[in-house]
Amino acid sequence: MTKWQLSMTETQEKIDPKTPNPVIPQLIVGLGNPGPKYDRTRHNVGFEIVDLLAQRWQISLSEQKRFQGILGERIGSGGQKVWLLKPQTYMNNSGQSIRAVVDWYKLPPESVLVIYDDMDLPIGKLRMRLSGSAGGHNGMKSTIAHLGTQAFPRLRIGIGGARQGERDRDTVSHVLGKFSPSEQVIIAEVIQLAADAVELSLRQGVEKAMSLYNNRSIPES
């Protein structure tokens, strides 16, 4: 049994009794754009968190054409499977890939945890929710459209907004741009924190992770 499986087992009995039916994710999705052109950009922070989880769990991610995505699988304690997904459809069509995985493995929408960048949150902040609107994020618009519901958990990673008064094209440049050196230090810690939150949600539920991580932040040095 691996260290991660032991961790799952040790905490199974510590689920908050006030949450008798916690939401436990089965499919962890990081949103982003494929290709080296977009590597390490603000819009691809979801990809980076999925990559870190794959590294922590020592599982490989491989391209699966039937899903239009890069997929990895982990078997936790009790034989439960957890999948990691990086859609390769480009951001605006992320829902196609997610829906293909959901249909193939017959997963309920509420078991899909989507991780993505959010301009409405400052760098250093993260927010986990059980449901909600797309908030103007095209990847989430596509996901909601293809799943046919807003009732699935999501983890928003703050990337900060473009400067006030900038036009739409400047906003696009912002999300497709890379973090400054000082921001890179902060976001590296946020990615670790986000991965911790995901792992807790797998052990004790999204609600518990929300209560412990939604008020956490990485301050500027």
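Which residues are buried in helix α4 (residues 138-147)? They are Gly139, Met140, Ser142, Thr143, Ile144 and Leu147. The model is predicted.

Just after α4 comes Gly148. Gly148 has a positive phi of about 75°.

## Ile98 in helix α3

Helix α3 spans residues 94-105, and Ile98 lies in it. Ile98 counts as buried because its relative accessibility is 0%, and the limit for buried is under 20%.

What does Ile98 touch, leaving out residues up to four places away in sequence? Its contacts are Leu27, Val29, Leu31, Leu85, Pro87, Val112, Thr143 and Leu147. Thr143 and Leu147 are also among the buried residues of α4. Phe67 is 31 residues from Ile98 in sequence. In space, the C-alpha atoms of Ile98 and Phe67 are 7.5 Å apart.

## The sheet

Seven strands form an open sheet with mixed pairing. Their order is β2-β3-β4-β1-β5-β7-β6. The edges are β2 (62-64) and β6 (126-129). Each of these has a single partner strand, so one side of each has no neighbour in the sheet. On average, neighbouring strands are turned by 25° against each other, direction ignored.

Helix α6 packs on this sheet. It touches β1 (27-30), β4 (81-87), β5 (112-118), β6 and β7. The direction of α6 makes about 165° with that of β7.

β2 and strand β3 (residues 69-75) run antiparallel and are joined by three bridges. Ser62 has Leu71 as its bridge partner in β3.

β3 also pairs with β4, again in the antiparallel sense, over seven bridges. Leu71 is bridged to Leu85 of β4. The two strands, β3 and β4, form a hairpin with five residues between them. In the turn, Gly78 has a positive phi of about 80°.

Next comes β1. β1 and β4 run parallel, with three bridges between them. Here Val29 has Leu85 as its bridge partner in β4. How much of β4 is buried? Six of its seven residues are, and the strand is mostly covered.

## Arg156 in strand β7

Arg156 sits in strand β7 (residues 154-158). Is Arg156 buried or exposed? Arg156 is buried, because its relative accessible area is 18% and the limit is under 20%.

The side chain of Arg156 makes a polar contact with the side chain of Asp118, at 2.5 Å. Beyond four places in sequence, Arg156 touches Tyr116, Asp118, Leu121, Lys125, Leu126 and Arg127.

## Helices α6 and α7

Two packed helices are described by the angle between their axes and the distance between the axes. Helix α6 (residues 181-204) and helix α7 (residues 206-213) pack at about 145°. Their axes are 7 Å apart. The crossing is right-handed.

From α6, the contact uses Leu193, Asp196, Ala197, Leu200, Ser201 and Gln204. From α7, it uses Val206, Lys208, Ala209, Leu212 and Tyr213. By class, the residues of this contact are seven nonpolar, two polar and two charged.

Definitions and conventions
Residues are numbered from 1 along each chain as its sequence is written. This is a predicted model: local features need pLDDT of at least 70, side-chain atom pairs count only at pLDDT 80 or more; totals for chains, interfaces and linings use all residues. Side-chain values use heavy atoms; hydrogens and water are left out. Helices (H or I, at least four residues) and strands (E, at least two) are DSSP runs, numbered from the N terminus. Buried means under 20% relative accessible area, exposed over 50%, partly exposed in between (1.4 Å probe, protein chains only). A polar contact is a pair of N or O atoms within 3.5 Å; within protein, one must be able to donate a hydrogen and the other to accept it, and residues adjacent in sequence count only if both atoms are side-chain atoms. Contact means heavy atoms within 4.5 Å. Axes are lines fitted to C-alpha atoms, for helices over the stretch in contact, and angles run from 0 to 180 degrees between N-to-C directions. A crossing is left-handed if the near helix is turned anticlockwise from the far one by less than a right angle, and right-handed if clockwise. Ala, Val, Leu, Ile, Met, Phe, Trp, Tyr, Cys and Pro count as nonpolar, Asp, Glu, Lys and Arg as charged, and the others, Gly among them, as polar. Two strands pair if DSSP finds at least two bridges between them.
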